[in-house]
Amino acid sequence: MKRLYYVLMLVLGLSISGCEKEDRIRVTSEDSLTFQSEGSSETITIISNVPWKASTTESWIELSPASGAAGNASITVTAKENESTDERNASVTISGGTASVSVKITQKQNVIHTKIFYTSTDGKTVEPKRLKAWSDDAI
């Protein structure tokens, strides 16, 4: 009888300890965002059972809101214009309690467009309609 009592107590103890909630944050939208160089806004949607905070180490990214209560939430991620000719990469981390998730952020580089003009032999500036391989003979 004592043995049955101990087994029941063990099962009861395990079932009670198994009822503790686990901190969870889940991204329900894409787990990566890509922005064009002009800059724009995209949305991350999450489900969390704990209060959360969103953060990034990059100054070219703004987050709104940067924190929230447990439940469903949308975080607007705004990337400022990328004036560099290099692609930018970062991440947004959303954490709460012992849970944490990251969303990868990529922003395309600024493409510099140039027009090529040349001066003809009669002194007029001409814009070529099609670029061809240039040689000394063509000038």
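**Salt bridges and core**

Author: Keeping in mind that this is a predicted model, let me begin with E62, which counts as partly exposed at 41% relative accessibility.

Reader: What does the side chain of E62 meet in a salt bridge?
Author: The side chain of E62 pairs with that of K80, with 3.7 Å from N to O. K80 is likewise partly exposed, its relative accessible area being 40%.

Reader: And where do K80 and E62 lie?
Author: E62 belongs to strand β5, whereas K80 sits in the loop between β7 and β8, so the pair ties together parts that are 18 residues apart in sequence.

Reader: How many salt bridges does the count come to?
Author: The count is two, and E22 with R24 forms one of them, the closest N and O atoms being 3.7 Å apart.

Reader: Are E22 and R24 buried or exposed?
Author: E22 is exposed, with a relative accessible area of 51%, and R24 is exposed as well, with a value of 52%.

Reader: Switching to the inside, which residues touch the most other members of the largest nonpolar core?
Author: That core has 23 residues, and those touching the most other members are I44, I46, I94 and I105. Several strands each supply at least two residues of this core, among them β3 (40–48), β8 (88–96) and β9 (99–107).

Reader: What does I44 touch, leaving out residues up to four places away in sequence?
Author: With those left out, the contacts of I44 include V27, L33, I75, V92, I94 and V103, and also S29 and S74.

How values were computed. Residues numbered from 1 in each chain as written. Predicted model: local features only at pLDDT ≥ 70, side-chain atom pairs only at ≥ 80, totals over all residues. Heavy atoms only, no water. Core = buried A, V, L, I, M, F, W, Y, C linked by side-chain atoms within 4.5 Å. Buried < 20%, exposed > 50% of the residue type's maximum accessible area, 1.4 Å probe, protein only. Helix = DSSP H or I, 4+ residues; strand = E, 2+ residues; numbered from the N terminus. Contact = heavy atoms within 4.5 Å. Salt bridge = Lys/Arg side-chain N within 4 Å of Asp/Glu carboxyl O.
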